[in-house]
Structure formats: structure tokens, C-alpha cells
Amino acid sequence: MATCSICKKDFKNTVLRTCGHIFCRGCIDDRIANRMRKCPACSKAFDKSDAMVVFYG
Ligand SMILES: [Zn+2]
Ligand SMILES: [Zn+2]
């Protein structure tokens, strides 16, 4: 299954629209809160409005 590559615990459910990489909401929120607004996978900068929750069927 698709678990978050940062915490390896929660399922991925939040996509960064700037680059298309997907992580869990908790890890994205941590980065937004800590002003480390770069994608952990490709280091592309993102903003709060670029984090979009996705749903899997
Ligand atoms: Zn995570
Ligand atoms: Zn990325």
C-alpha cells in the first residue's frame, strides 16, 4: 500500500500540486508549521494552498 515516505506510518493522502509528490497530511502540516515548505522528495518549494487532499477508491 501507499504509505508516506517520510514517516512510513500513515497513508499518503495529500498531494503537492507544485510537483505531484504525495505524502500524508501530518507530514505536510509539520512542514507548513515549521516553515520548511519544500517537498521532501524533490525540494521544490510549496505553499499551504498547494497541499491538496486526495482520496483513493
Ligand atoms: Zn507522513
Ligand atoms: Zn516533489
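Which residues is Ile28 in contact with, leaving aside its neighbours within four places in sequence? The answer is given under the third view.

This is a predicted model, in which local features need pLDDT of at least 70 and side-chain atom pairs count only at pLDDT 80 or more, while totals for chains, interfaces and linings use all residues. Residues are numbered from 1 along each chain as its sequence is written, chains are lettered from A and ligands numbered from 1 in the order in which they are written, and side-chain values use heavy atoms, with hydrogens and water left out.

**View 1. Overall fold of the chain.** The chain has one helix and three strands, in the order β-β-α-β along the sequence; helices (H or I, at least four residues) and strands (E, at least two) are DSSP runs, numbered from the N terminus. Its radius of gyration is 10 Å, close to the 10 Å that the globule rule gives for 57 residues, so the chain is as compact as a globular protein of that length. The radius is taken over C-alpha atoms, and the globule rule is 2.2 Å times the number of residues to the power 0.38. Along the principal axes, the C-alpha atoms fill a box of roughly 30 × 20 × 20 Å. The accessible surface is about 3900 Å², with 52% belonging to carbon and sulfur atoms (Shrake-Rupley method, 1.4 Å probe; for residues, only the protein chains shown count as cover).

**View 2. Site of the zinc ion (ligand 1).** Cys4 (SG), Cys7 (SG), Cys24 (SG) and Cys27 (SG) are the protein donors, lying 2.2 to 2.3 Å from the ion. Donors are N, O and S atoms within 2.8 Å of the metal (3.2 Å for Na, K and Ca); water is not among the atoms, so sites may look incomplete. The spacing of these donors along the chain is C-x2-C-x16-C-x2-C. The site is tetrahedral, with angles of 103 to 115° among its four donor atoms (four donors count as tetrahedral if all angles lie between 85 and 135 degrees). Cys24 is buried at a relative accessible area of 3%, and Cys27 is buried at 8%. Buried means under 20% relative accessible area, exposed over 50%, and partly exposed in between (1.4 Å probe, protein chains only).

**View 3. Nonpolar core around Ile28.** The largest nonpolar core has 10 residues, among them Leu16, Phe23, Ile28, Ile32, Phe46 and Ala51. Such a core is a set of buried Ala, Val, Leu, Ile, Met, Phe, Trp, Tyr and Cys residues joined through side-chain atoms within 4.5 Å. Helix α1 gives the largest share of this core, three residues. Beyond its neighbours within four places in sequence, Ile28 is in contact with Thr14, Leu16, Phe23, Phe46 and Ala51 (contact means heavy atoms within 4.5 Å).

**View 4. Site of the zinc ion (ligand 2).** The protein donors Cys19 (SG), His21 (ND1), Cys39 (SG) and Cys42 (SG) lie 1.9 to 2.3 Å from the ion. His21, in the loop between β1 (14–16) and β2 (22–23), and Cys39, in the loop between α1 (25–33) and β3 (51–53), are 18 residues apart and link distant parts of the chain. His21 is partly exposed, with a relative accessible area of 31%, whereas Cys39 is buried at 2%.

Note on methods
Four donors count as tetrahedral if all angles lie between 85 and 135 degrees; four count as square planar and six as octahedral if opposite donors are over 155 degrees apart and all others between 65 and 115; anything else is irregular.
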